[in-house]
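Here's a quick briefing to read alongside the sequence and the 3D view.

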There are 2 protein chains.
Amino acid sequence: MSALSWPRAVDIREVGPRDGLQIETPISTEAKSRLLDALIATGVGRIEATAFVSPRAVPAMADAAEIAGYIGGLGPGGPEWSALVASPNGARRATEAGFRTIEYVVSAAEGHSRANARRGTEQATEAVAEVAEVVHGVGGRLEVIIATAWDCPFDGPTEPARTVGVARRAIELGADQLCLGDTIGTTSPARVVALLDAVGAVADGRPLGAHFHNTRGMGIANALAAVQAGVTQLDASVGGLGGCPFAPGASGNIATEELVYLLDDAGVETGVDLEAVLHAAALARDLVGHPLESDLFRAGGRNRPRG
Amino acid sequence: MSALSWPRAVDIREVGPRDGLQIETPISTEAKSRLLDALIATGVGRIEATAFVSPRAVPAMADAAEIAGYIGGLGPGGPEWSALVASPNGARRATEAGFRTIEYVVSAAEGHSRANARRGTEQATEAVAEVAEVVHGVGGRLEVIIATAWDCPFDGPTEPARTVGVARRAIELGADQLCLGDTIGTTSPARVVALLDAVGAVADGRPLGAHFHNTRGMGIANALAAVQAGVTQLDASVGGLGGCPFAPGASGNIATEELVYLLDDAGVETGVDLEAVLHAAALARDLVGHPLESDLFRAGGRNRPRG
């Protein structure tokens, strides 16, 4: 048998418009709509469009309802759109605006949960029930994203049993799908496989995705490890958008174009056109007004000679 | 069985002093000696110290004999030192200067071979015989590095049969060891495994290493793939030194600290101390006078919070 095994297809979720832009100086709704158009043109199957969260805490997402309106005007077909929420109230706003795929975030680490959502992990997890009621009430689908699944910027490593416990409880309370987030970009392939295996064992057949950051250079290797562990739902951000503005040079989300490059070469279907992603990345760079972190975007495609 | 399999140990070769510095504005021999000291302190088992090549073509390596003298004065113990050569004459100079592990480069792609060594692949390959005679004549060990093993900046993708043919012939002519180089940083994990398997089949039991660049963000994923394919000899460069000065922002060699991070978490022995590598990277950054490409170095260790 070969040293690596590959699935027939991987379902990429483009998170640039939300996770990528949320830490940027806010750009206009019109500019965002141009980016959404460019991302639709890549062929990606899922796009995280915005977040219904506090506009004071995340000013870049203050136009969530307007973005929903823009998407609503696009007509049928196209990708599956999702919105991120941090509370039942956010879920109400998102579903009222028309979203039917809702991502609700719970931090597995107590420190990050309290800093990010002003409540502990248990309270945030128990709220899955109310969020699920809202989402299922409109015939929607609820994904629970478990942030700081591996490590926390305040608490250090997250005990795997904590993350597994959140996963099990989230499913009991109505999550249709789970995603593990390496929020601070510190995990690595061996740990990726171990935690995905452990969470997969309690996921009761629900789809399990993963969300990686390239902060310490492990992002694409972690995606590779996740795929080897059987995960076929991966988040990525055009151009690697999502670097932290307070840590200059620190990479953000794994870049969509790099993930597609990895999978294309392995014959894994993504439905995503690499050149179209590079085109969208160029637009994203122009819109945010600074260089992007993606190595592939900076270096160009395979056959462009270096120096 | 687990989705990833890991060897007991991986033998890292630090190539910063040669591959990393060769494209930099030359730094003094004294500065290089300080970097060598810092790299010795990391515990790494092998260090590529310099290259015996044309000082006109590579002015940064013009002090190869002086570097040999510095290493000669260090006394017994320490890492295995190697020098890169591009011709039998270079091998003579390197062995006369005291090196006993010699790396001889052959480009599998015709275009790169002619541009880089001013002769075709076949002629460069046949010269392995003379290089081996020189190296074995002093009781040394010859590693043949096959550059552009996957892709060439001039010819595009390298036909795998070409790379396999060079490997087979190099062993016939006396190579004790092989290394495949992704010279322009374009390969990806699926192609890494395929070519390593093909070359491994003709390597006649000789050790087979790999040398990756992170130019398109695949570097650490490629290293992971190589390890999955059974390779336990990997090149890496402190701080990711080796970015091309004519392609701003394009990453160079995979960073030693990122490779160690990957392997440490998997329980794979390297003998390398991560903190010591980060210390050496800080020195390297100060010596070359510009930021380094390593994401891990820029972001800091696991528990340093972002933002």
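Angles between axes under 35 degrees count as roughly parallel, over 145 as roughly antiparallel, 65 to 115 as roughly perpendicular and the rest as oblique. This is a predicted model, so local features need pLDDT of at least 70 and side-chain atom pairs count only at pLDDT 80 or more, while totals for chains, interfaces and linings use all residues. Residues are numbered from 1 along each chain as its sequence is written, chains are lettered from A and ligands numbered from 1 in the order in which they are written, and side-chain values use heavy atoms, with hydrogens and water left out.

**Confidence**

- The average pLDDT of chain A is 94, and 94% of the residues score at least 70; pLDDT is the predictor's confidence in each residue, from 0 to 100.
- Take care at residues 245–249 of chain A, where pLDDT stays under 50. For that stretch the model has six contacts beyond four places in sequence, a contact being heavy atoms within 4.5 Å.

**Helices H11 and H12 in chain B**

- Two packed helices are described by the angle between their axes and the distance between the axes.
- In chain B, the axes of helix H11 (residues 256–265) and helix H12 (residues 274–288) come within 9 Å and cross at roughly 170 degrees. Helices and strands here are DSSP runs numbered from the N terminus (H or I, at least four residues, for helices; E, at least two, for strands). Axes are lines fitted to C-alpha atoms, for helices over the stretch in contact, with angles running from 0 to 180 degrees between N-to-C directions.
- H11(B) and H12(B) are therefore roughly antiparallel to each other.
- On the H11(B) side you'll find B:Thr256, B:Glu257, B:Val260, B:Tyr261 and B:Asp264, which meet B:Leu274, B:Val277, B:Leu278 and B:Ala281 of H12(B).
- The residues of this contact between H11(B) and H12(B) split into six nonpolar, one polar and two charged. For that count, Ala, Val, Leu, Ile, Met, Phe, Trp, Tyr, Cys and Pro are nonpolar, Asp, Glu, Lys and Arg are charged, and the others, Gly among them, are polar.

**The chain A pair, and A:Glu257**

- H11(A) packs with helix H12 (residues 274–288) of chain A at an angle of about 170 degrees, their axes 9 Å apart. That makes H11(A) roughly antiparallel to H12(A).
- A:Glu257 sits in helix H11 of chain A and is buried, with a relative accessible area of 0%. Buried means under 20% relative accessible area, exposed over 50% and partly exposed in between (1.4 Å probe, protein chains only).
- The side chain of A:Glu257 makes a polar contact of 2.8 Å with the side chain of A:Ser294, and reaches the backbone nitrogen of A:Gly239 at 3.0 Å. A polar contact is a pair of N or O atoms within 3.5 Å; within protein, one must be able to donate a hydrogen and the other to accept it, and residues adjacent in sequence count only if both atoms are side-chain atoms.
- A:Glu257 and A:Phe297 are 40 residues apart in sequence, yet their C-alpha atoms are 7.5 Å apart in space.

**Helix H10 and A:Gln233**

- Ten of the ten residues of helix H10 (residues 219–228) of chain A are buried, so it is largely enclosed by the rest of the structure.
- The cover over H10(A) comes from both chains, including helix H9 (189–200) of chain A and helix H10 (219–228) of chain B.
- Just after H10(A), A:Gly230 takes a positive phi of about 100 degrees.
- A:Gln233, in strand S10 of chain A, counts as buried at 17% relative accessibility. Its side chain has a polar contact of 3.1 Å with that of A:Arg46.

- A:Thr125 lies in helix H6 (residues 121–126) of chain A and counts as buried at 5% relative accessibility. The side chain of A:Thr125 reaches the backbone oxygen of A:Thr121 at 2.7 Å.
- Helix H5 (residues 110–117) of chain A has A:Gly111, A:His112 and A:Ser113 as its buried residues. A:Arg118 follows H5(A) with a positive phi, near 55 degrees.
- B:Ala83, in strand S3 (residues 80–85) of chain B, is buried with a relative accessible area of 0%. Beyond four places in sequence, B:Ala83 touches residues including B:Thr50, B:Phe52 and B:Phe99.
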